[in-house]
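Please open the model in a viewer and follow the stops in order.

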Amino acid sequence: MYSKNQMSADDIDKILHLWGVTLAVHNDNPPFADHRDLYKTIDATPLGDVTWQSFSLQYNGDKPAGQCPLWMEQSHEVWFWDPHTVVKNMLANPDFKHSIDYTLYHEFEEKGEQRCYKDFMSGDWAWQQADQIAQDLEMHGAAFVPIIVGSNKMTVSVATSQNNYYPLYLSIGNVHNNIQHSHRNALALIRFLAIPKTKKKNADDARYCKFKKQLFYSSLSEIFATLKPGMTTPEVTCCGDGHYWHVLYGLGPYIADYEEQVVLACIVKDWCGRCLAFPSTLDDRGISWSHEHTDALVDSVDFGVLWDEYGIIGELVPFTNNFPHTNIHELLAPNILHQLIKGTFKDHLVEWVCQYLELEHGKTGAKAILDNIDLRIAAAPSFPGLQRFPQGCGFSQWTGDDSKALMKVYIPAIEGHVPDDMFCYIARASVVTDETLAQLRDALRRFHIAPNGLCLSITESKHMKAVKKPWWHSNRYNALHQMLLTNQRLDKIAASRVDFTAHGMLKVENQFAIGSDNRDSEVQQNNMDKENNPFTIESDNFNDVEDQGIVDDVDWCFSLMQYSEHKCARTVSGLADELKVPSLPTLIRLFLYDQIHADDHHSSADVLLHDCPSYMGTIKVFNLAAVTFIAPSDPSGITGMRHEHLRAVPSWRNGPGHFDCAFVNTDDRQDGILSMDDGSPNMSIIHIDSIVHGAHLLPIFGTQFVPWDLQFHHSLDVF
């Protein structure tokens, strides 16, 4: 009622009343009398209890005579959670005890000397920080806890005023990447930054621009002040494994888009926040920024020269100067969402393709090819979790999700129209090696000479749960205070759930378990909650679900579902006629022989058909399989598990049929792709356990133009 659906108070009262009516005949009562009783119970929960605090900041500089601008008179309130308490709660979370690193490490491939980079503590920055800290002998033996921060302005409504919020999120670098992606308690909203406002005539006032930045720096310095003592003196804290560790905190990467990086680094727009390269020669890379160098320049060089020749705003001081072992220029994390996915792909790559085609074929020829590329994109076969683009990529408003979805079909769509060796997909991988980095540098070099992780998507995806939904469920009056309370209650519920599970007080049903009881599988699926039934969902995206907890340590598993809109035959002969596969009875006999003699050194291909068992009884047809598999490079569950569906239905939502492709394991003695045969045509019956996961096949268009009337469900047959 509260954490999942976030019902309004009136709706909670209604459902509790109806619940009470049904229980009255049994002389029983619902667990809560009304919404007030529910809220009171949540508020009394001590687990995950971090109280919201606030402080106010105001302009204290020289004011002009007469009427002052509004921004000089206003008091700006900042609400925050104590980051020190939040970090201690994260370290103590038993959900993370098997997915957290307390020590730094270098990982190498088993064969060869290639360095592997996966989770944060395997990287160079954390290692270098430890080297600096270890120079103090008092620090030896402490576990380093990097504090990862991210912020991004957002809008919750474009139709009302006061709709902008500036949330600040915090995580720790010790937890593994899959924990970060699963959006549980490893990422916390810790603050709503103040957003000063003024009249349009004062918006470009240099004093106002400086004040906005100083307000930002002062807020960050004040909030992280509680962590500062633990940056120089190790403290003892309880961790999720039940043991107490000496820990030492340190400010880590700050995830922000470029506009915010400019503010954080106190530099001029268009300059690099990490090196001293001129804006016109960014590809050449300059020497790295350092506080010592910047301080020396500020002390000896005129502010005007600093601005023009070095890109430094001398009047401003980064907030990191107040904390030990920190250099804001080293902490600026590349923003994969805006700088690579939306920036490099949409603003650079797609635009580059358009410019290249105009140079090669002229404007008229380029338009014809671009129309063909749109047809190719529209002809991409559907697949669960894949967004379709019926009109191609010719839309004006692009979101991050649009870019990520289009990337999956764009490269095959431009094949034959651009040079074949221009594109690669390296950046997003579960494990990055030295060779991968070399390939990425080479790809970047080739990309720029052509004619003309940590990612903000982690924090942006948190916007929905931490900001947008609480705002939608507020009454809009003094919405911020209601949003703060909602977040506090949601965190208490989440912490209680983890604690109850750890102490055996709450049994978490494994949504991926198969055969957990003896009931008929058809009955189980018919009793499915409609919310979890993909056939009741309008979208084909079955992956937009929040992780619900730890799953079993398996590589992959399946569950089956029936498609109620289509009635299938219940006998072998009837199904053979329905599918127009006369050899189905024979294929079943061969399959049964192989299953019965699975441990033998021969197969059904070595025996006569009359030696194979026959089956002519009743059968059940399942049109959908839910597959769970390990996909550590994708946003997924807490153990790196991903949930997808495979469909085999003659008609999908009164439209064409959907018959998805899949990777099949044909040799249990081999691992990975070595266990699969080549793609030669073959009709046979396979065991469901041999299906690894879905495979989205795309047509090989070559240089051919796509017919304008080609339908996506025919494209694999045509090409």
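Begin at the start of helix α4, where a side-chain oxygen of aspartate 82 comes within 3.1 Å of the backbone nitrogen of histidine 84. The model is a predicted one, and every stop below should be read accordingly.

**Helix α4**

Select residues 83-91, the extent of α4, and colour Pro83, His84, Val86, Val87, Met90 and Leu91, which are buried. These residues lie on the same side of α4, because they cover an arc of only 165 degrees around the axis. An α-helix has 3.6 residues a turn, so residues three or four places apart point the same way.

**The nonpolar cores**

Which residues touch the most other members of the largest nonpolar core? Select Ile147, Phe224 and Phe319, which hold that position among its 92 residues. Helix α7 gives the most to this core, with seven residues. Another core, of 23 residues, lies apart from it; Phe345, Trp352, Ile377 and Tyr410 are among its members.

Return to phenylalanine 319 and display its surroundings. Beyond residues up to four places away in sequence, phenylalanine 319 touches Tyr217, Leu220, Ser221, Phe224, Leu251, Tyr254, Leu264 and Ile328.

**Aromatic pairs and charges over rings**

The structure holds 19 aromatic pairs. For one of them, select phenylalanine 120 and tryptophan 125: the ring centres are 5.9 Å apart and the planes stand at 55 degrees, so the pair is tilted. Both partners are buried, phenylalanine 120 with a relative accessible area of 16% and tryptophan 125 at 15% relative accessibility.

Move to tyrosine 165 and phenylalanine 192, whose ring centres are 5.9 Å apart and whose planes are at 70 degrees, so this pair is edge-to-face. Tyrosine 165 belongs to strand β7 (residues 164-165) and phenylalanine 192 to strand β9, so the pair ties together parts 27 residues apart in sequence. Tyrosine 165 and phenylalanine 192 are both buried.

Asparagine 487 is located in helix α16 (residues 479-502) and is buried, at 7% relative accessibility.

Two charged side chains may be shown next. The charged end of arginine 489 sits over the ring of tyrosine 39, 4.3 Å from its centre. Lysine 228 lies over the face of phenylalanine 323, 5.8 Å from the ring centre.

Select aspartate 302, which caps the N-terminal end of α10 (residues 303-310) through a side-chain oxygen 2.8 Å from the backbone nitrogen of glycine 304. Just after α10, glycine 311 has a positive phi of about 70 degrees.

Where does asparagine 27 lie? It is in the loop between α1 (9-24) and α2 (35-43). Asparagine 27 has a positive phi near 55 degrees, although it is not a glycine, and is exposed, with a relative accessible area of 76%.

Finish at aspartate 270, in the loop between α8 (258-265) and α9 (291-300). Its phi is also positive, near 85 degrees, and aspartate 270 is partly exposed, with a relative accessible area of 45%.

Definitions and conventions: Residues numbered from 1 in each chain as written. Predicted model: local features only at pLDDT ≥ 70, side-chain atom pairs only at ≥ 80, totals over all residues. Heavy atoms only, no water. Buried < 20%, exposed > 50% of the residue type's maximum accessible area, 1.4 Å probe, protein only. Helix = DSSP H or I, 4+ residues; strand = E, 2+ residues; numbered from the N terminus. Arc of directions from axis to C-beta. Polar contact = N/O pair within 3.5 Å; in protein donor to acceptor, adjacent residues only side chain to side chain. Core = buried A, V, L, I, M, F, W, Y, C linked by side-chain atoms within 4.5 Å. Contact = heavy atoms within 4.5 Å. Phe/Tyr/Trp six-rings, centres within 6.5 Å; stacked < 30°, edge-to-face > 60°. Lys NZ or Arg CZ within 6 Å of the ring centre and 35° of its normal.
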